[in-house]
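Visitor: Could you walk me through this one? I'd like to start with the surface and then go on to the charges.

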Amino acid sequence: MALEDFLEPEVAIAAAVTAVVASPPIRKAIRKGAVYGLAGLLIARDKVMAVASEAKKGIKGAQKPETAAPAETEAAAPA
């Protein structure tokens, strides 16, 4: 490559990006961000699954009183 090639904006930007990405502090920050990001996604997934599980229990619980309602009225009738 000639010296003039390095003065082109595309080449200069590519060289700068490569230098930044190859920098140890930047790589450490990217890794740390990836770890925290993945941990956040896993926590969010657990929360969504817990809400879905509670909603499922609530739906099942809402269906049970319909079957238990006749037994309660029979117990109340003799009194």
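Visitor: What share of the residues is buried here?
Guide: Of the 79 residues in the chain, 0% are buried, where buried means under 20% relative accessible area, exposed over 50%, and partly exposed in between, with a 1.4 Å probe and protein chains only. This is a predicted model, in which local features need pLDDT of at least 70 and side-chain atom pairs count only at pLDDT 80 or more, while totals for chains, interfaces and linings use all residues. Residues are numbered from 1 along each chain as its sequence is written, and side-chain values use heavy atoms, with hydrogens and water left out.

Visitor: And how much accessible surface is that?
Guide: The accessible surface of the chain is about 6900 Å², and 71% of it belongs to carbon and sulfur atoms; accessible areas come from the Shrake-Rupley method with a 1.4 Å probe, and for residues only the protein chains shown count as cover.

Visitor: Which residues form the nonpolar patch on the surface?
Guide: That patch is formed by Ile13, Val17 and Val21, which together have about 270 Å² of accessible area. Patches are made of residues with over 30% relative accessible area and no salt bridge, like charges being joined within 9 Å and nonpolar side chains (Val, Leu, Ile, Met, Phe, Trp, Tyr) within 5 Å. Ile13 sits in helix α2 (residues 9-22) and is exposed, at a relative accessible area of 55%.

Visitor: Switching to charges, which residues make up the positive patch?
Guide: Arg27, Lys28, Arg31 and Lys32 form it; Lys and Arg count as positive and Asp and Glu as negative, with His and the chain ends not counted, and the place of a charge is taken as NZ of Lys, CZ of Arg, CG of Asp or CD of Glu. Lys32 belongs to helix α3 (residues 24-76) and is partly exposed, with a relative accessible area of 48%.

Visitor: How many salt bridges are there?
Guide: There are two, a salt bridge being a side-chain nitrogen of Lys or Arg within 4 Å of a carboxyl oxygen of Asp or Glu. Arg45 pairs with Asp46, their closest N and O atoms being 3.3 Å apart, and Lys57 pairs with Glu54 at 3.9 Å, N to O.

Visitor: How far apart are Lys57 and Glu54 along the helix?
Guide: Lys57 and Glu54 are three residues apart in helix α3, so about one helical turn separates them.

Notes
Helix = DSSP H or I, 4+ residues; strand = E, 2+ residues; numbered from the N terminus.
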